[in-house]
2 protein chains.
Amino acid sequence: MRFTSEQRLDDGVLERGFTLGEIPGILWTPASASAPAPLILMGHPGGLGRMYPRLAARARHSAAEGYAAATIELPGSGDRPRIAAVDEARADLRRALEASEPVADEIVDRLVLPLVDTAVPEWRAALDALVALPEIGGPAGYAGGPISIGVRLAVVEPRISAAVLFAGSFVPRAIFEEARQVTIPLLVLLQWDDEGNDRQMALDLFDAFASKEKTLHANMGGHTGVPQHEGDDGNRFFARHLK
Amino acid sequence: MRFTSEQRLDDGVLERGFTLGEIPGILWTPASASAPAPLILMGHPGGLGRMYPRLAARARHSAAEGYAAATIELPGSGDRPRIAAVDEARADLRRALEASEPVADEIVDRLVLPLVDTAVPEWRAALDALVALPEIGGPAGYAGGPISIGVRLAVVEPRISAAVLFAGSFVPRAIFEEARQVTIPLLVLLQWDDEGNDRQMALDLFDAFASKEKTLHANMGGHTGVPQHEGDDGNRFFARHLK
């Protein structure tokens, strides 16, 4: 991991850009950290530049409560090389949606599974590098989407101790099966009136998790309208499980 | 309203028993109240004696955040005269459940609607008496079940500004229709794995509310296993809407 930029934000949070091999990422650490801060990996749908304002806001909200937060670019997004097979699946998806046809499982598989297969080892490598920093320590959490990456991480990465998952559509059947192996504490956020979201599928996925401690928070407000108080709820969820 | 008992609990909360006509009730007020405290009416399934430990715990949790909390006995429960028609409907319900038969709508109507029709004016009369006390002021909230009473109160009582509703089964169709008229902020609690609960019906009811601001919190733990952190979430919900 190589730091490529560093700035102190007006609330004192330290924001550092980094690269991990060819993968760009951002790390935010709290203004005053007397002890190593627990780390929250922040998932997003891809495109760090486009997502930056929302990610920085989430990271600063977490940093105010003493968490470090980090994110990396997804494979095929932002400045990273496109993945032809995924782009093709995305085009097929768009055609199906525009024709108001049901989206075939095989399109969802081609769209999501290569991303999960590539991204999850990258997130784990980022975790290796990040927890080696002296300012970061303790158990880690994952917060965000795509939910399929969160599910796979929760299954394969023992350092992820709790996760806030953002419900989204287009979850492959294979990920549903993996969800039955998830046992860490979960907070699942569902935007109830999100037209681009398959509500029943999100409820079924919530039901599938094997976690003894799982909570679903459903809110109004559309895909990007997650209410402010859910950020506070997420911090308190991590406070119960990461500290 | 006539106070019948008074004790100071170990956390300083003042607990007073009262009667409103023939209806017994309990009022809890915060240890130190410099200003009139907003009031939370606490719903319960009936039987103040049996429910006392849980109600007192909820009330003290709210009082610690500056709320007054009050409850009254339901019609036909505890020391109040039985209601023959409701008892009969309850026996019919039990027979249907024991025979694993579907519960007919008309049984649910006979079980719930007379309770709602009688209880809601009683809760409103209690609200009249309670807000006349100098230590109580501002907007009021409702928290608890049966959800049918909460729905009716939210529709007919303009002083109820926000409600935390506990999802339960056996909601009459008429109450579903009333739910479409509810516009106050709602937090709906659903115990996801409660075997005595009709999960799909609870989700449909949540969907039916017209409130722009509504949140569903689903948790594991069975009917009486609502996690501790939901008490905190409830307080914060009321802090956003009653203060």
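## Helix α3 of chain A

In this predicted model, helix α3 of chain A has a kink of about 30° at A:Val112.

Helix α3 covers residues 105-131 of chain A, and its 27 residues should span 39 Å at 1.5 Å a residue. The C-alpha atoms at its ends are 37 Å apart, which agrees with that expectation.

## Salt bridges within chain A

Over all chains, a search of the whole structure finds 34 salt bridges. One of the pairs joins A:Arg90 to A:Asp87, with 3.1 Å from N to O. Both residues belong to helix α2 (residues 84-98) of chain A, where they are three residues apart, about one turn of the helix. A:Arg90 counts as partly exposed because its relative accessibility is 29%, and A:Asp87 is likewise partly exposed at 25%.

A salt bridge also links A:Glu157 with A:Arg159, their closest N and O atoms lying 2.9 Å apart. A:Glu157 has a relative accessibility of 2% and therefore counts as buried, the limit being under 20%. A:Arg159, at 30%, is partly exposed.

## A salt bridge between the chains

B:Arg199 and A:Asp207 meet through their side chains in a salt bridge of 3.2 Å, N to O. This pair crosses between chains: B:Arg199 lies in helix α6 (residues 199-208) of chain B, and A:Asp207 in helix α6 (residues 199-208) of chain A. B:Arg199 is partly exposed at 27% relative accessibility, and A:Asp207 is partly exposed with a relative accessible area of 36%.

Terms used:
Residues numbered from 1 in each chain as written. Chains lettered and ligands numbered in written order. Predicted model: local features only at pLDDT ≥ 70, side-chain atom pairs only at ≥ 80, totals over all residues. Heavy atoms only, no water. Helix = DSSP H or I, 4+ residues; strand = E, 2+ residues; numbered from the N terminus. Expected span 1.5 Å × (residues − 1). Bend = angle between axes of the 7 residues up to and from the residue. Salt bridge = Lys/Arg side-chain N within 4 Å of Asp/Glu carboxyl O. Buried < 20%, exposed > 50% of the residue type's maximum accessible area, 1.4 Å probe, protein only.
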